[in-house]
Amino acid sequence: MNNYTPTWMKILKHAVIWLTIVFCMFPILWALSASFNPANTLVGQPLIPEEISFSNYETLFTSQQHPFATWLFNSVKIALIASFGSVALTTLAAYPFSRFNFWGRRNGLFMILLVQVFPQMLAMVALYLLFLNVQTIFPAIGINTHPAVIITYMGGAIGVNTWLMKGYMDTIPRSIEDAAFIDGASGFQIFYRIILPLSKPILGVLFVIQFIASYSEYVLARVLLNSTDRLTLAVGLHLFVAEDYGGRWGVFSAAAMLGAIPIIILFMLVQDHIVTGFLSGGGVKG
Amino acid sequence: MGSLDKKHILKIALLAIFNALAVWSAIILFVQRNYVILAVLVVGIIVINYVYLSSKSYPAKYILPGTIFMILLVVFPLLYTVYISFTNYGTGHILNKEQAITRIEARYYRPEDPREFDFKAFKQDDIEDIKLLLEDQEDGRLFLGIEGEIEEVTRDDPRLLDTTDDGEIDEINGYQRLERAEIIQNVAVIEQMRFAYNDSEMRMRDLNSFALYRQSFEYDEERDVMIDLRTWEEYRPIEGRFTNEEGEQLSPGFRTYLGWENYQELITDPRISRPFFRVFVWTFQWALLSVITTFGLGLFLAILLNDQAMKLVKLYRVLLILPYAIPAFISVLIWRGMFNPTVGIVNRILVNIGLESIPWLHNIFWTRAALVLVNLWLGFPYMMLLSMGALQSISGNLYEAALIDGASRWQQFRYITLPLVLVALGPLLIASFAFNFNNFNVIYLFNEGRPAIAGAQTPAGGTDILISYTYRLSFEAGRGSDFGLAAAVTMLIFFITAVVTWFNFKFTGALEEVKENE
């Protein structure tokens, strides 16, 4: 805009922005402060603690009743395997949709579009009953096992990711493959040696987004897991504070800080892609 | 060609491992008589082997793994939800009819003949089997119970040996008498032992004795009724429970097809429909408020930041998107602590500046207000990023032309910026509506959908949205589960989601995009 902006207006602009930044930062700083405050209570907490201590962080790794370190490890493990598996399945599925013309291609694309409209979470009752029944046949992937959660996440992410991946692969010029074909490359070699390396950027981004989504997922993990040492961080932390918040605020804050940092770093890595319309298909991050 | 052969061997090896696992599963399913799943599995095995062994169907080799996952973990659960919504699946109706019949037929009563038998158990090392010597407490008759058969014996039967000569039998056919502690170790086996005696059944009563029992109920398959063997009363299956003419019901119930009953309950039963209606209305209000507030603040900040000359823009941007980078479950829980009505910081600030403290989390209106605020914090950075992108795509010429025509800042916003941003972001705003419509995490983690609605028969809270309501119907501890009703509510969410998305597809031409792939 080429309008003339008076000075008072500029100052007002900055003031409004700083006000919003305070709104943004306050909860984070408040929890950060609580995490270093040995008082471990919501009562009368000052913004700057009188005494700095790591006792809350120590509790995280020593508590017998609430194994935070195990929860964090479970979350990372589940998210890593589920994202890897989901990206692998997605890449395989997207490749023929982008490159070949085959019977059922259009209907297949349409089905994927249709299915990904309904969040998998809506089927929580059915998934719970499904794994309850699977348990009587294969206890290793039944209720209260990590494999159950992992394959649930893997299946849930395929729809929307296949569309994104296919869209990206469509932009890779075909001439490279044609050249490779003339040089005698087999079908799988073309996929493995050409398409896969050229898709690296999107593979990375999808992996990170999938990781964040799995790590942050709550309800399916809550439904499928029940013993304390198998919970994910999201479920464990909620149960931890739902029982009694007043006397656990400091320890919770420490867990919140540790749990948020890896995701903040990952998020900063892919934020440009998120802006350029990555989540545009699916809405907002959970 | 060497590498091709290696690859071929690898493929065959993987397929062999898969087939081994699949056949193993098939055997388990066969033993469990789970024929439906077995049939699906067999079809699956055939399809997978065909696809990977045949030289045709090349694309299917890539698509199949993902398709299987999607069918098993998304499509099937969605369809299964549809099915559940027409059943009474839930607490008291967990078993299928066959299992419920087995359970009811396993119920016994003590007949008028209250005969009891002291027992001694005999066992040989390394052999599961246990022999019993039973003595009638009334008349002292002796019985030998071996391998499910009972036979009356006399005290001088040659098989009964009293090796220590203390008047007690210690050995039968090489089986040694068990001491009390050993009986406890083997109680699981002894408990399972049954002997036919007259027209009753003899089974373990406690650690010392056996007694006569009779089966209470028998199922008549032809007429589909459960018969009480004492009174010959008949119980007919009504809505998943065997019920007699007086309306008495037998437990456990079983799951059965109910038709539209769950849906009717949602509309007609006032104890269910009134809270449900409130949840329904709030879900729409919530989704709409969420989109409007986050988009409003996001667009406003984007306009402020859309000024290349402004200092610190980059820093501002990073600080402002920080809430978006933190996993929502963590920030919602932090806000939950801050809104704690007695000790939380929000009320402390309010009191310090001379205002009343507010009953956040206890009062429906204020909890909803807090939720909208929390969701504004979570969601505006996304809207800001989208708006910044949209603003950059608006040509500066438009504003120049407006300036020449003498348009005010407000007019520029109202007639240029807002319409163009809305057109560019419309589909994303609708997607955001759909997302918040099902934003389980914020609602449930903040206050579990509470405070409760007074007088509600189902666990419906004042801040519950449809999806959190279905969760509470299904899994809230202490209330029992009503999977059928929960699935019926889910069907409504399906329907609304489908309408919203259809609208959005029309808007974005996503369906045309599919057609372009001709």
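Reader: To begin, which domains does the domain assignment of chain A give?
Author: For chain A, the assignment gives domain 1 (7-56) and domain 2 (67-243); such bounds come from an automatic or database domain assignment. Please note that this is a predicted model, in which local features need pLDDT of at least 70, side-chain atom pairs count only at pLDDT 80 or more, and totals for chains, interfaces and linings use all residues. Residues are numbered from 1 along each chain as its sequence is written, while chains are lettered from A and ligands numbered from 1 in the order in which they are written.

Reader: What separates the centres of those two domains of chain A?
Author: Over C-alpha atoms, the centres of domain 1 and domain 2 of chain A are 37 Å apart.

Reader: How many helices and strands are in chain A?
Author: Chain A has twelve helices and zero strands. Helices (H or I, at least four residues) and strands (E, at least two) are DSSP runs, numbered from the N terminus.

Reader: And what are the dimensions of chain A?
Author: Its C-alpha atoms fill a box of roughly 75 × 70 × 35 Å along the principal axes. The radius of gyration of chain A is 24 Å, whereas a compact globule of 286 residues would have one near 19 Å. That radius is taken over C-alpha atoms, and the globule rule is 2.2 Å times the number of residues to the power 0.38.

Reader: Turning to chain B, which domains are assigned there?
Author: Chain B is given domain 1 (2-84), domain 2 (108-215) and domain 3 (267-516). The C-alpha centres of domain 1 and domain 2 of chain B lie 52 Å apart. Chain B has 18 helices and 15 strands.

Reader: How does strand S2 of chain B pair with S3?
Author: S2(B) and strand S3 (residues 130-136) of chain B run antiparallel and are joined by seven bridges; strands pair if DSSP finds at least two bridges between them. In S3(B), B:Ile130 is the bridge partner of B:Lys123. The hairpin of these strands has six residues between them, and there B:Asp126 takes a positive phi near 70 degrees.

Reader: Which other strand does S2(B) join through three bridges?
Author: Three bridges link strand S2 (residues 116-123) of chain B to strand S11 (residues 209-215) of chain B, again in the antiparallel sense. B:Phe117 stands opposite B:Phe210 in S11(B).

Reader: How many residues does each chain bring to the contact?
Author: The contact takes 81 residues from chain B and 81 residues from chain A, where two residues are in contact if their C-beta atoms, placed from the backbone, lie within 7 Å. Helix H3 (residues 58-84) of chain B supplies the largest share of the side of chain B that touches chain A, with 17 residues.

Reader: Finally, which residues have the most contacts inside the largest nonpolar core?
Author: They are A:Met124 and B:Leu333, in a core of 151 residues. A nonpolar core is a set of buried Ala, Val, Leu, Ile, Met, Phe, Trp, Tyr and Cys residues joined through C-beta atoms within 7 Å. A residue is buried if 20 or more other C-beta atoms lie within 10 Å of its own, exposed if 12 or fewer, and partly exposed in between, with C-beta atoms placed from the backbone.

Reader: What does A:Met124 touch?
Author: Not counting residues up to four places away in sequence, A:Met124 touches A:Val219, A:Leu220, A:Val223 and B:Tyr471. Apart from that core lies another, of 15 residues, including B:Phe117 and B:Ile130.
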